[in-house]
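User: I would like to learn how to read a structure like this one. Please take it step by step.

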Amino acid sequence: RELRIKAGLTQPAFAEAAGVTKQYVWRIEDGRQNMSLRTISRIAIALDVPMSALFEGIEARPASLVNRSYTKTAP
């Protein structure tokens, strides 16, 4: 959000430049959306910043491990 605002882009203008929906931008900025590297790259291009700028100030957290059982079902 900070980089988008610094670039002078509204959410709709940024969404269009990055090739995503306004709802997707909202979920990213709200911390509710995971992104692929491809999307991160498009966002960096839309903001005219290196990809690394999108990660500045973010501390790494250990991933929570979830024990999920997987059962294959017959078609």
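Analyst: Start with exposure: buried means under 20% relative accessible area, exposed over 50%, and partly exposed in between, using a 1.4 Å probe and protein chains only. Helices (H or I, at least four residues) and strands (E, at least two) are DSSP runs, numbered from the N terminus. This is a predicted model, in which local features need pLDDT of at least 70, side-chain atom pairs count only at pLDDT 80 or more, and totals for chains, interfaces and linings use all residues. Residues are numbered from 1 along each chain as its sequence is written, and side-chain values use heavy atoms, with hydrogens and water left out.

User: How many helices and strands does the chain have?

Analyst: The chain has 4 helices and 0 strands. Of its 75 residues, 20% count as buried.

User: Which residues of α4 are buried, and which exposed residues are on the face turned away from them?

Analyst: An α-helix has 3.6 residues a turn, so residues three or four places apart point the same way. In α4 the buried residues are Thr 39, Ile 40, Ile 43, Ala 44, Ala 46 and Leu 47. They fall within an arc of 160° seen down the axis of α4, so they line one face of the helix; the arc is that of the directions from the helix axis to the C-beta atoms. The face turned away from the buried side carries the exposed residues Leu 37, Arg 38 and Ile 45.

User: What covers the buried residues of α4?

Analyst: The cover includes α1 (2–6), α2 and α3. Contact here means heavy atoms within 4.5 Å. Leaving aside neighbours within four places in sequence, Leu 47 is in contact with Leu 3, Arg 4, Ala 7, Leu 9, Phe 14 and Leu 54. Arg 4 belongs to helix α1 and is buried, with a relative accessible area of 9%.

User: How is the packing of α2 and α3 described?

Analyst: Two packed helices are described by the angle between their axes and the distance between the axes. Axes are lines fitted to C-alpha atoms, for helices over the stretch in contact, and angles run from 0 to 180 degrees between N-to-C directions. Helix α2 (residues 11–18) and helix α3 (residues 22–29) pack at about 105°, with axes 8 Å apart. The contact is made by Gln 11, Pro 12, Phe 14 and Ala 15 of α2 and Lys 22, Val 25, Trp 26 and Glu 29 of α3.
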